[in-house]
Structure formats: structure tokens, C-alpha cells
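Subject: A structure for you to look through

Hi there,

Here is the structure I promised to pass on. Please open it beside this email and follow along as you read.

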Amino acid sequence: MWKWIQRQASPKVFYGTCSRLTPWFFWPFISLLLVGLYWSLVVSPADYQQGDGYRIIFIHVPSAILSMMIYAIMAIAGGIGLIWQIKMAEVVAKVSAPIGAAFTIIALTSGAVWGKPMWGAWWVWDARLTSELILLFLYLAYMSLNSAFDNPRTAAKSSSILAIVGLINLPIIHYSVKWWNTLHQGYSVGTGGLKDPDMQIALAIMFLASIFLYALLVSIKARTEVLIREQNSRWVKEEVSGVVL
Amino acid sequence: MTMVEYFSFLPYGKYAFYVWLAYGISALTVITLFINAKRNHKRTILSLKNKFSINQ
């Protein structure tokens, strides 16, 4: 296992692994998504307080968790790139940023659409919402800093430092509903916020589907990035000429 | 007639507008991400193919 991970540091091996894994991420994602949507929209009962309006939770919570998880992965991969000079870790960090930003946007917009019927406002400057918005700005800052350099190694170095410093925001987002008196409701997962087993199953399946979606997008985007970075090597030439479009 | 009333014929009645809006925005974002990733990959391969055929 450890040997296998070490071998992924080679661009050619990593490219091959991503190609092979893509269908293994795509089909589980599609099947989990279909089952998850069915469980969220049909099987799960209406909530006793929020009626059917609560169903937004099944996209809001997974995307919010993913937005933070991807940030952590991005910062850790960036750190691995900085410390051990592994270029493929830099690739994973770079391609994760737009995916994480998209999950943050989904979390923020689905939250706004949920807030309107429940709180009467699309947006409030509550601690949870504000810290999640800062997460979006961190992703955007990372992406613009990364694209500001011509040399991908220099870009990875400076943007990884930004990502690692930004890690401080993750516990702030997580504990914001505890530390401050927020309009945002408390934890739904692990503390008995969601009590109905069907609701819990639906949320778990949607969360798994989101993880596969992230892995799928990384496996596609990382390949593109490896091709661009390694375009002067022989294996890329062979790989590209072998592809029939 | 407000949007909320207009869409109340859909499942989830008075919440239909909000629930389907949230699911719609998310679906759109995910589909855009996926198509974009696929298209970028294809374009990169095409431009590299061009580059290599010119150099030969």
C-alpha cells in the first residue's frame, strides 16, 4: 500500500491511476446519487417543524461538509508538495480548489434558499454564514494566486502557504454555531438533530455521492493538469497520440 | 401571484419553489463542473496533438 502511494509521485503512474479510477468513481456516484435523491425526496417523511422545506438539508449539509473537507485536502496536499517536493500533490491541491469553491457556492446558495422560508431572509450576517463566505473567498484567493505565476512550481509554493494559513477558518466554521449565538441551527449530524432513520440514511447516501463526485472531478482535472505540466516528456507524446477523439 | 404560489402545484406545496430552486441550482453547478472538466481535458489533448504533429 505504502509502495503504491509512493509510486503515484511519478506523473506517468499518477496519470494512469487517474484514468483507471475514473469509471470507478463515475458509476458509484451516479448510482448513489439516484438512490440518495429517491431517499431524500420520496422515502424521507416531512419534518414536524419545517414540513417539506427541510429537504434542502440533503444537498446543503453534504456540500457544506465537502467544502471544508476539500479545503483540508487542498491544504494538506499543498503542504506535502512544499515539504517533500511531490509535484503530483501540487496537482491535486490545484485542481481541488475550483471543485471546493463550487461546493461552497452550493452550500451558500442552498442555505440562502432555505433561509428565506424559515428565517424570512436570504442572507444574514450570522457567524456560520459569514465564516463560510470567507471560505469561498479563501478558495478564490488561492485560485487567483495560483494562476498569477507562470512557473507552476512557484505558483504551488505561494498558494500552498495561503491554503495552510487559511486552515484556521475550518474550526471557526465548525464551532461557529457553538461559540456564537447564531440564527443558523445547531449540528444536524451526530448529536440527534436528525432523528428519523430514513432522513439519516438519505443524508449519508448523499454525502457518499458527494465524495465520489469530488473524486471523479479530481481524477479528470488532475489528468488535464498533468498533461499540461509534462507536455515535454516522451510518455505524454505517446499517450496523446494514442487517444482517439 | 408570487413565485411561491405559482410553483405550489409541484410536490412539497408551499415549499416547492424553495426546494426545487435549491436542487436546481446544485444540479446546474455540478453539471457545469463536470462538462467543463471533460471539455478542458479534450481541448488539452487536441492542442497537444496539434503541437506534436507540427514539431515532427
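First, some housekeeping. This is a predicted model, so please keep in mind that local features need pLDDT of at least 70 and side-chain atom pairs count only at pLDDT 80 or more, while totals for chains, interfaces and linings use all residues. Residues are numbered from 1 along each chain as its sequence is written, and chains are lettered from A and ligands numbered from 1 in the order in which they are written.

**Chain A as a whole**

Chain A has nine helices and zero strands; helices (H or I, at least four residues) and strands (E, at least two) are DSSP runs, numbered from the N terminus. Its C-alpha trace spans about 60 × 35 × 35 Å along the principal axes.

Of the 245 residues in chain A, 38% are buried. A residue is buried if 20 or more other C-beta atoms lie within 10 Å of its own, exposed if 12 or fewer, and partly exposed in between, with C-beta atoms placed from the backbone.

Helix α2(A) has 33 residues and reaches 45 Å from its first C-alpha to its last, close to the 48 Å expected at 1.5 Å a residue. The expected span is 1.5 Å times one less than the number of residues. At A:Leu21 the helix bends by about 35 degrees, and a proline, A:Pro23, follows within four residues. The bend is the angle between axes fitted to the seven residues ending there and the seven starting there. Buried residues of α2(A) include A:Phe14, A:Cys18 and A:Phe25, and what covers the buried residues includes α3, α4 and α8 of chain A.

**Where the chains meet**

The contact takes 31 residues from chain A and 25 residues from chain B; two residues are in contact if their C-beta atoms, placed from the backbone, lie within 7 Å. On the side of chain A that touches chain B, α4(A) gives the most, with ten residues.

**The core**

The largest nonpolar core has 67 residues, and A:Ile99 and B:Tyr18 are among those with the most contacts inside it. Such a core is a set of buried Ala, Val, Leu, Ile, Met, Phe, Trp, Tyr and Cys residues joined through C-beta atoms within 7 Å. Here too α4(A) gives the most, with 16 residues. Beyond its neighbours within four places in sequence, A:Ile99 is in contact with A:Ile70, A:Tyr214, A:Leu217, A:Val218 and B:Leu33.

**Two residues with positive phi**

A:Gln85 has a phi near 55 degrees, a positive value in a residue other than glycine. A:Gln85 lies in the loop between α3 and α4 of chain A. B:Tyr12, also not a glycine, has a positive phi of about 80 degrees and is found in the loop between α1 and α2 of chain B.

Enjoy exploring!
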